[in-house]
Amino acid sequence: MTKSKVRSPYPGDCQGAVSLTFDDGLPSQLDRAVPLLEQYGLSATFYLAPRGNDWERRLAPWREVARAGHELGNHTTKHICSRAFADSLDGKSLENCTLEEMEADIVLGKERIQQLAPDQAEMSFAYPCYSTYIGEDASRQSYVPLVAKHHIAGRAGFLEAANHPLTANLACLSTWNGERSWGPTLVGLAERAATRGRWSIFTFHGIDEGHLAINDVDFEELCRHLQLHSDRIWVAPVSQVARRILDWRSEQ
Ligand SMILES: [Zn+2]
(Lines give C-alpha, C1' and ligand atoms only; values in the text may rest on other atoms or scores of the structure.)
Protein backbone atom coordinates (compact mmCIF):
# COMPACT_ATOMS: atom_id res chain seq x y z
CA MET A 1 0.00 0.00 0.00
CA THR A 2 1.41 3.38 -0.93
CA LYS A 3 1.62 6.03 1.70
CA SER A 4 -1.19 8.54 1.12
CA LYS A 5 -0.35 12.19 1.40
CA VAL A 6 -1.87 14.00 4.32
CA ARG A 7 -4.00 16.82 2.97
CA SER A 8 -3.07 19.45 5.51
CA PRO A 9 -0.93 19.76 8.63
CA TYR A 10 -3.87 20.82 10.76
CA PRO A 11 -5.75 18.40 13.03
CA GLY A 12 -9.14 16.92 12.18
CA ASP A 13 -11.10 18.81 9.55
CA CYS A 14 -9.43 22.14 10.25
CA GLN A 15 -8.86 24.23 7.12
CA GLY A 16 -6.39 26.68 8.62
CA ALA A 17 -4.72 27.76 11.82
CA VAL A 18 -4.50 30.78 14.09
CA SER A 19 -1.89 31.66 16.69
CA LEU A 20 -2.61 34.43 19.17
CA THR A 21 0.63 36.04 20.38
CA PHE A 22 1.37 38.71 22.96
CA ASP A 23 4.60 40.68 23.37
CA ASP A 24 6.51 42.17 26.30
CA GLY A 25 4.63 40.57 29.24
CA LEU A 26 2.38 43.55 30.02
CA PRO A 27 0.20 43.41 33.17
CA SER A 28 -3.06 43.42 31.18
CA GLN A 29 -1.98 40.19 29.49
CA LEU A 30 -2.03 38.45 32.87
CA ASP A 31 -5.10 40.31 34.16
CA ARG A 32 -7.28 40.40 31.04
CA ALA A 33 -5.94 38.27 28.19
CA VAL A 34 -5.21 35.07 30.13
CA PRO A 35 -8.70 34.94 31.76
CA LEU A 36 -10.40 35.66 28.40
CA LEU A 37 -8.38 32.93 26.68
CA GLU A 38 -9.32 30.52 29.45
CA GLN A 39 -13.00 31.49 29.12
CA TYR A 40 -12.93 30.59 25.43
CA GLY A 41 -10.69 27.55 25.75
CA LEU A 42 -7.80 28.99 23.70
CA SER A 43 -4.03 28.62 24.15
CA ALA A 44 -1.67 31.44 23.14
CA THR A 45 2.02 32.37 22.96
CA PHE A 46 3.46 35.05 25.25
CA TYR A 47 6.83 36.49 24.24
CA LEU A 48 8.74 37.65 27.30
CA ALA A 49 11.95 39.69 27.59
CA PRO A 50 13.57 38.48 30.85
CA ARG A 51 15.83 41.49 31.40
CA GLY A 52 17.55 42.78 34.55
CA ASN A 53 18.66 41.12 37.76
CA ASP A 54 15.11 40.70 39.06
CA TRP A 55 13.71 38.98 35.97
CA GLU A 56 12.90 35.77 37.84
CA ARG A 57 10.89 37.51 40.55
CA ARG A 58 9.20 39.86 38.08
CA LEU A 59 8.19 37.10 35.70
CA ALA A 60 7.22 34.55 38.37
CA PRO A 61 3.45 34.85 37.60
CA TRP A 62 4.14 33.54 34.10
CA ARG A 63 5.10 30.11 35.48
CA GLU A 64 1.41 29.44 36.12
CA VAL A 65 0.52 30.64 32.60
CA ALA A 66 2.93 28.05 31.17
CA ARG A 67 1.47 25.34 33.40
CA ALA A 68 -2.00 26.23 32.04
CA GLY A 69 -0.87 25.21 28.53
CA HIS A 70 0.20 28.50 26.99
CA GLU A 71 3.60 28.87 25.33
CA LEU A 72 6.21 31.20 26.79
CA GLY A 73 8.40 32.44 23.94
CA ASN A 74 11.74 34.21 23.70
CA HIS A 75 11.82 37.95 23.01
CA THR A 76 15.55 38.33 24.01
CA THR A 77 16.67 39.96 27.28
CA LYS A 78 17.79 43.29 25.81
CA HIS A 79 15.00 43.86 23.30
CA ILE A 80 17.33 45.69 20.91
CA CYS A 81 15.53 47.73 18.24
CA SER A 82 16.50 50.09 15.45
CA ARG A 83 17.95 53.46 16.46
CA ALA A 84 15.06 54.91 14.47
CA PHE A 85 13.16 54.64 17.77
CA ALA A 86 15.84 56.71 19.57
CA ASP A 87 16.58 60.44 19.36
CA SER A 88 20.37 60.08 19.50
CA LEU A 89 23.17 57.76 18.42
CA ASP A 90 23.91 56.77 22.04
CA GLY A 91 23.02 53.36 23.34
CA LYS A 92 22.69 49.91 21.87
CA SER A 93 20.73 49.58 18.66
CA LEU A 94 20.44 47.03 15.87
CA GLU A 95 22.67 49.29 13.80
CA ASN A 96 25.64 48.96 16.21
CA CYS A 97 24.95 45.36 17.28
CA THR A 98 27.04 42.37 16.11
CA LEU A 99 25.81 38.90 15.26
CA GLU A 100 27.81 37.59 18.26
CA GLU A 101 26.06 39.98 20.65
CA MET A 102 22.67 39.13 19.19
CA GLU A 103 23.27 35.39 19.46
CA ALA A 104 24.36 35.73 23.09
CA ASP A 105 21.16 37.62 23.87
CA ILE A 106 18.99 35.05 22.06
CA VAL A 107 20.64 32.20 23.97
CA LEU A 108 20.34 33.97 27.35
CA GLY A 109 16.68 34.78 26.75
CA LYS A 110 15.97 31.18 25.78
CA GLU A 111 17.72 29.82 28.89
CA ARG A 112 15.73 32.09 31.18
CA ILE A 113 12.38 31.28 29.55
CA GLN A 114 13.22 27.58 29.87
CA GLN A 115 13.63 28.13 33.60
CA LEU A 116 10.14 29.67 33.74
CA ALA A 117 8.59 26.90 31.59
CA PRO A 118 10.71 23.78 32.21
CA ASP A 119 8.06 21.40 30.82
CA GLN A 120 7.79 23.17 27.48
CA ALA A 121 9.09 20.91 24.70
CA GLU A 122 9.89 23.61 22.13
CA MET A 123 9.99 27.39 22.06
CA SER A 124 9.42 30.01 19.40
CA PHE A 125 10.97 33.47 19.11
CA ALA A 126 9.60 36.95 18.38
CA TYR A 127 11.89 39.55 16.81
CA PRO A 128 11.93 42.72 18.96
CA CYS A 129 10.32 45.56 17.01
CA TYR A 130 9.75 43.00 14.18
CA SER A 131 13.29 43.68 12.87
CA THR A 132 15.35 40.77 11.54
CA TYR A 133 18.73 42.44 10.92
CA ILE A 134 21.81 43.92 12.59
CA GLY A 135 24.19 46.55 11.18
CA GLU A 136 23.39 49.18 8.61
CA ASP A 137 23.83 49.81 4.91
CA ALA A 138 26.78 47.77 3.56
CA SER A 139 27.30 46.03 6.94
CA ARG A 140 23.64 45.08 7.39
CA GLN A 141 23.09 41.35 7.93
CA SER A 142 20.11 39.17 8.64
CA TYR A 143 20.01 37.43 11.99
CA VAL A 144 17.27 35.04 10.85
CA PRO A 145 19.86 32.19 10.67
CA LEU A 146 20.54 32.61 14.41
CA VAL A 147 16.84 32.31 15.18
CA ALA A 148 16.65 29.22 12.95
CA LYS A 149 19.60 27.75 14.84
CA HIS A 150 18.11 28.19 18.32
CA HIS A 151 14.32 28.08 17.82
CA ILE A 152 11.71 26.01 16.01
CA ALA A 153 10.10 29.20 14.67
CA GLY A 154 10.45 32.98 14.66
CA ARG A 155 7.68 35.54 14.32
CA ALA A 156 8.84 38.52 12.26
CA GLY A 157 6.83 41.36 10.73
CA PHE A 158 3.81 41.86 8.57
CA LEU A 159 3.55 40.46 5.07
CA GLU A 160 0.37 40.78 3.07
CA ALA A 161 -0.06 37.02 2.92
CA ALA A 162 -0.65 34.87 5.99
CA ASN A 163 1.73 31.92 6.32
CA HIS A 164 1.22 28.96 3.99
CA PRO A 165 2.27 25.63 5.52
CA LEU A 166 4.26 24.62 2.43
CA THR A 167 6.00 27.89 1.70
CA ALA A 168 6.38 29.79 4.98
CA ASN A 169 9.87 30.45 6.31
CA LEU A 170 9.40 29.15 9.82
CA ALA A 171 12.21 31.30 11.24
CA CYS A 172 10.70 34.44 9.70
CA LEU A 173 6.93 34.14 9.95
CA SER A 174 4.47 36.82 8.99
CA THR A 175 2.13 38.37 11.55
CA TRP A 176 -0.78 40.78 11.72
CA ASN A 177 -0.30 43.57 14.26
CA GLY A 178 -3.56 43.51 16.18
CA GLU A 179 -3.26 46.83 18.00
CA ARG A 180 -6.20 49.17 17.50
CA SER A 181 -7.88 46.57 15.31
CA TRP A 182 -11.64 46.23 15.16
CA GLY A 183 -13.10 42.82 16.09
CA PRO A 184 -14.68 42.18 12.65
CA THR A 185 -11.31 42.98 10.99
CA LEU A 186 -9.57 40.33 13.09
CA VAL A 187 -12.31 37.80 12.38
CA GLY A 188 -12.12 38.57 8.66
CA LEU A 189 -8.36 38.12 8.57
CA ALA A 190 -8.59 34.78 10.37
CA GLU A 191 -11.33 33.60 8.01
CA ARG A 192 -9.57 34.77 4.84
CA ALA A 193 -6.42 32.91 5.81
CA ALA A 194 -8.22 29.78 6.99
CA THR A 195 -10.24 29.38 3.80
CA ARG A 196 -6.93 29.42 1.91
CA GLY A 197 -5.36 26.78 4.14
CA ARG A 198 -3.10 29.32 5.78
CA TRP A 199 -1.87 30.12 9.27
CA SER A 200 -2.62 33.55 10.73
CA ILE A 201 -0.47 34.84 13.55
CA PHE A 202 -1.87 37.84 15.43
CA THR A 203 0.38 40.05 17.56
CA PHE A 204 -1.06 41.90 20.53
CA HIS A 205 0.47 44.03 23.27
CA GLY A 206 -1.83 45.49 25.94
CA ILE A 207 -5.55 44.93 26.37
CA ASP A 208 -6.81 48.48 27.00
CA GLU A 209 -3.24 49.26 28.12
CA GLY A 210 -0.30 51.13 26.62
CA HIS A 211 0.27 52.70 23.21
CA LEU A 212 -0.29 49.50 21.19
CA ALA A 213 -3.55 48.52 22.83
CA ILE A 214 -6.59 46.65 21.60
CA ASN A 215 -10.01 47.06 23.22
CA ASP A 216 -11.15 44.06 25.21
CA VAL A 217 -14.44 43.87 23.26
CA ASP A 218 -12.55 43.55 19.97
CA PHE A 219 -10.17 40.91 21.31
CA GLU A 220 -13.11 39.01 22.82
CA GLU A 221 -14.97 39.06 19.50
CA LEU A 222 -12.04 37.24 17.88
CA CYS A 223 -11.87 34.74 20.77
CA ARG A 224 -15.61 34.06 20.57
CA HIS A 225 -15.44 33.47 16.82
CA LEU A 226 -12.47 31.13 17.14
CA GLN A 227 -14.23 29.09 19.83
CA LEU A 228 -17.42 28.86 17.74
CA HIS A 229 -15.44 27.68 14.69
CA SER A 230 -12.87 25.47 16.36
CA ASP A 231 -13.91 22.60 14.05
CA ARG A 232 -12.59 24.59 11.06
CA ILE A 233 -9.82 26.78 12.49
CA TRP A 234 -7.13 25.28 14.69
CA VAL A 235 -5.93 27.65 17.41
CA ALA A 236 -2.59 26.76 18.97
CA PRO A 237 0.66 28.35 20.17
CA VAL A 238 3.27 29.14 17.51
CA SER A 239 5.68 26.33 18.46
CA GLN A 240 2.90 23.72 18.24
CA VAL A 241 1.74 24.81 14.78
CA ALA A 242 5.37 24.97 13.60
CA ARG A 243 6.03 21.45 14.91
CA ARG A 244 3.01 20.04 13.06
CA ILE A 245 4.03 21.81 9.85
CA LEU A 246 7.58 20.44 10.11
CA ASP A 247 6.33 16.88 10.70
CA TRP A 248 3.82 17.24 7.85
CA ARG A 249 6.47 18.57 5.47
CA SER A 250 8.73 15.60 6.23
CA GLU A 251 5.88 13.26 5.18
CA GLN A 252 5.30 14.93 1.78
ZN1 LIG B 1 8.62 43.73 22.13
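Student: How many helices and strands are there in the protein?

Tutor: Eight helices and 10 strands, taken as DSSP runs numbered from the N terminus (H or I of at least four residues for helices, E of at least two for strands). Bear in mind that this is a predicted model, where local features need pLDDT of at least 70, side-chain atom pairs count only at pLDDT 80 or more, and totals for chains, interfaces and linings use all residues. Residues are numbered from 1 along each chain as its sequence is written.

Student: Why is Ala156 called buried?

Tutor: Buried takes 20 or more other C-beta atoms within 10 Å of a residue's own, exposed 12 or fewer, and partly exposed is in between, with C-beta atoms placed from the backbone. Ala156 has 20 C-beta neighbours inside 10 Å, so Ala156 counts as buried. Its place is in the loop between strand S7 (153–155) and strand S8 (176–177). Across the whole protein, 40% of the 252 residues count as buried.

Student: Which residues does Ala156 touch, not counting those up to four places away in sequence?

Tutor: A contact means C-beta atoms, placed from the backbone, within 7 Å. Ala156 touches Tyr127, Tyr130, Thr132, Cys172, Leu173 and Ser174.

Student: How do you know that the span of helix H4 agrees with its number of residues?

Tutor: The expected span is 1.5 Å times one less than the number of residues. For the 18 residues of H4 (residues 99–116) that should be 26 Å, and the end C-alpha atoms are 26 Å apart, which agrees.

Student: Why do you say that the buried residues of H4 line one face?

Tutor: Seen down the axis, they fall within an arc of 100°, so they line one face of the helix; the arc is that of the directions from the helix axis to the C-beta atoms. They are Met102, Asp105, Ile106, Gly109 and Ile113. Exposed Glu100 and Glu111 sit on the face turned away from the buried side.

Student: What do the buried residues of H4 pack against?

Tutor: Strands S2 (45–48), S3 (71–74) and S5 (133–134), and helix H5 (144–150).

Note on methods: Contact = placed C-beta atoms within 7 Å.
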